[in-house]
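Good morning, colleagues. Please take a moment to look at the sequence and the structure, and I shall then describe selected parts of them.

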Amino acid sequence: VSVFILRQNNNDEAQVALFRRCSQMPTFGGHWAAISGSIETQDVSPLATADREVGEETNLGELLGDYDHLLNSGLHIDIAIDKSKGTFGGRMIRVYPFALTLPSEDIHLLSNIEMQGTEHDKMKFLTISDFLGMSDQCVPSLKRAFHHATSGRYLDLPQEIREWEEDRVNGAAYLARKAVDLAAAHTQSGELSEDELS
């Protein structure tokens, strides 16, 4: 699982917490990541894993008590890991992304979040635009998992697509055709590459 902790800063801008994995970690040492971990045998679901990992890697349990009602899941993603690097032996890993949105009215809570455990050596909050534009080393598909966890809320989409959200008249088939036509037009104009469409 990957859990993206979101909060509003003093300027009412959305921010996301990032954690740098310790260099001694067996995978992706020194890379920025969300709260993450594997589903263990005692976990009854990816949500249970997300809940456990947040409790192990941050002090949110102490600050909030129960927080699983703040977790929203996104569509899972499958990530092919580069076999040449030896990580995971070149197999596919499935990531279940979650967004944990903190209540903005609790200033004490927002300013007292800390990391715990031994997996990370640094934590920082970035505005969403700074995160999406960052060039630091991140774990594979971190930004893609973020978009899945937040249901695409922060994608930089053409206005035409944003307007589809308000469409309450046409059905899914009509909107899917419009999406394909728009993607084809952007690909032909060079605004989107084939890789960005997959």
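Predicted model: local features only at pLDDT ≥ 70, side-chain atom pairs only at ≥ 80, totals over all residues.

**Lysine 143 and its surroundings**

I begin with a polar contact, that is, a pair of N or O atoms within 3.5 Å, where within protein one must be able to donate a hydrogen and the other to accept it, and where residues adjacent in sequence count only if both atoms are side-chain atoms. A polar atom of the Lys143 side chain lies 2.9 Å from the backbone oxygen of Met134. The backbone oxygen of Leu132 is 3.1 Å from a polar atom of the side chain of Lys143.

Residues are numbered from 1 along each chain as its sequence is written, and side-chain values use heavy atoms, with hydrogens and water left out.

Lys143 belongs to helix 5. Helices (H or I, at least four residues) and strands (E, at least two) are DSSP runs, numbered from the N terminus. Contact, meaning heavy atoms within 4.5 Å, links Lys143 to Phe131, Leu132, Gly133 and Met134, leaving aside neighbours within four places in sequence. Between the C-alpha atoms of Lys143 and Ala34 there are 9.9 Å in space, and 109 residues in sequence.

The buried residues of helix 5, which covers residues 142–149, are Leu142, Ala145, Phe146, His147 and Ala149. Just after helix 5, Ser151 has a positive phi of about 55°.

Let us turn to the rings. Rings of Phe, Tyr and Trp (its six-membered ring) pair if their centres lie within 6.5 Å; planes under 30 degrees apart count as stacked, over 60 as edge-to-face and the rest as tilted. Three aromatic pairs are found in the whole structure. One of them joins Phe131 and Phe146 edge-to-face, at 5.2 Å centre to centre and 75° between the planes. Because Phe131 lies in helix 4 (residues 128–133) and Phe146 in helix 5, the pair ties together parts 15 residues apart in sequence. Both Phe131 and Phe146 are buried. A cluster linked by ring pairs consists of Phe4, Phe131, Phe146 and Tyr154.

Next comes helix 1. This helix, residues 46–57, has 12 residues. Its buried residues are Thr49, Ala50, Arg52, Glu53, Val54 and Glu57. Among the elements covering them are strand 1 (2–8), strand 4 (35–36) and helix 2 (60–64). Ala48, also found in helix 1, is partly exposed, with a relative accessible area of 23%.

Strand 4 contains Ser36, which is buried at a relative accessible area of 15%. Apart from neighbours within four places in sequence, the contacts of Ser36 include Glu53 and Glu57.

Finally, I give the overall picture. The protein has eight helices and nine strands, and 36% of its 198 residues count as buried. Of the contacts with a separation of 6 or more, 58% are between residues 24 or more positions apart.

How values were computed: Buried < 20%, exposed > 50% of the residue type's maximum accessible area, 1.4 Å probe, protein only. Expected span 1.5 Å × (residues − 1).
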